Amino acid sequence: MAYGPRAMSMEFLTGAQVAGYGCFDGVPSRADLERFFLLDDADKDLIGDRRGDHNRLGFVLQATTVRYVGRFLEDPLDVPWAVVEYLAGQLGIADASCVKRYTDRAMTAYEHSWQIRQAYGFRVFDDAAVTAESRQFLDGRAWTHAEGPSTLFTHAVGWLRRARVLLPGITMLIRLVATVREAAAERMHATLAAAAAGVDPALPQRLRVSLTVPPGARFSEMESWRRAPTRVSGPGLVQALDRAADLAGLGVRAADCSAVPPNRVAALARYGLVSKAPTLAALAEPRRTATLLARSPGIWTRSRSMMRWICSRC
């Protein structure tokens with residue numbers, strides 16, 4: 001039987017995530033064998049009096065495989081041989097190789113998968129109610145956590161497994177994760193931009209103007225705000241005070257950003273603080289205004305720290 005990791009990457013997924021999605025990527029550990037492949041009374045009752053050891057073994061192989069990998073395999077026998085032997089031992093089948101006859105009749109495995117789905121309550125991702133539930137979970141997760149797409153994908157798989165939903169094609173789940181993250185980002189940007197306008201309708205434009213380089217200057221206003229004074233001196237302190245006054249005059253600290261989870265605002269602020277003015281200027285609205293608003297308190301805090309540092313040394 002051939003099995004193994006799919007040595008490929010798919011957009012934002014790691015090779016390990018691709019390899020382990022809905023298939024065996026190696027021999028299960030002893031702990032996993034006991035957790036997913038140990039047959040209980042309900043499993044044995046479901047087998048019933050099926051004719052032939054190959055059918056009995058093939059049936060439980062599908063039933064336990066779907067518990068372990070989250071979906072039925074196109075080839076029910078594409079599993080590590082150690083799993084087959086572990087199940088055969090529990091069924092008292094001396095010759096585990098008899099399972100190779102399980103796929104002689106193509107419809108047998110298909111019919112068994114339907115019986116297993118009904119008996120254990122597995123649902124399909126294409127069901128409208130299931131799709132709505134999974135979207136609701138991902139929407140909530142993407143909105144409240146500042147995490148990358150790879151991590152969100154892992155949580156999506158975990159939710160589907162817990163909800164007994166058969167894993168869809170990997171491309172379908174990738175698209176859903178990407179769509180949900182994009183929607184959460186757009187919601188955040190729109191909410192923060194609205195918060196900026198709520199303080200002063202002219203604030204968004206004022207923030208955008210701060211990215212331009214004034215005539216005769218070397219840096220944009222926004223860039224100068226985040227630069228440290230070159231010397232510890234009286235003029236340096238005055239410069240720091242002027243920056244703090246400019247930032248205070250913007251009124252960004254009055255913007256109510258409470259509608260957005262703090263960790264998401266913090267992540268956006270970190271991106272804004274490490275990005276150069278031309279990069280920020282190239283952002284589309286409302287992402288640009290949202291990023292400038294999120295990063296401004298960080299610049300304000302940095303400016304106050306500069307003042308205290310200069311004062312301690314003057």
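Among the contacts in the protein chain that join residues at least 6 apart in sequence, 72% link residues at least 24 apart. This is a predicted model, and its protein chain holds 15 helices and two strands. Of the 314 residues in the chain, 44% count as buried, while the accessible surface amounts to about 16100 Å², with 54% of that area belonging to carbon and sulfur atoms.

Gly-148 sits in the loop between helix H7 (128–144) and helix H8 (149–162), and because its relative accessibility is 29%, Gly-148 counts as partly exposed. The C-alpha atom of Gly-148 is separated by 8.7 Å from that of Arg-181, although the two residues are 33 residues apart along the chain.

| Cavity | Volume | Lining by class |
|---|---|---|
| Largest cavity | about 40 Å³ | five nonpolar, two polar and one charged residues |
| Second largest cavity | about 30 Å³ | six nonpolar, one polar and two charged residues |

The lining of the largest cavity is formed by Leu-61, Gln-62, Thr-65, Val-66, Arg-71, Phe-72, Leu-73 and Pro-76. Around the second largest cavity stand Leu-39, Asp-43, Leu-46, Phe-59, Val-60, Ala-63, Thr-64, Arg-67 and Tyr-120. Helix H3 (41–47) and helix H4 (53–69) are the elements that each give two or more residues to this second lining, and H4 gives the most, with five residues.

Definitions and conventions. Residues are numbered from 1 along each chain as its sequence is written. This is a predicted model: local features need pLDDT of at least 70, side-chain atom pairs count only at pLDDT 80 or more; totals for chains, interfaces and linings use all residues. Side-chain values use heavy atoms; hydrogens and water are left out. Helices (H or I, at least four residues) and strands (E, at least two) are DSSP runs, numbered from the N terminus. Buried means under 20% relative accessible area, exposed over 50%, partly exposed in between (1.4 Å probe, protein chains only). Contact means heavy atoms within 4.5 Å. Accessible areas come from the Shrake-Rupley method with a 1.4 Å probe; for residues, only the protein chains shown count as cover. On a 1 Å grid over the protein atoms alone, a cavity is a set of points where a 1.4 Å probe fits but cannot get out, and a pocket is an open set with protein on both sides within 12 Å along at least five of seven lines; lining residues have an atom within 4 Å of a point. Grid points are joined across faces, edges and corners, and a volume is the space filled by probe spheres set on the points. Ala, Val, Leu, Ile, Met, Phe, Trp, Tyr, Cys and Pro count as nonpolar, Asp, Glu, Lys and Arg as charged, and the others, Gly among them, as polar.
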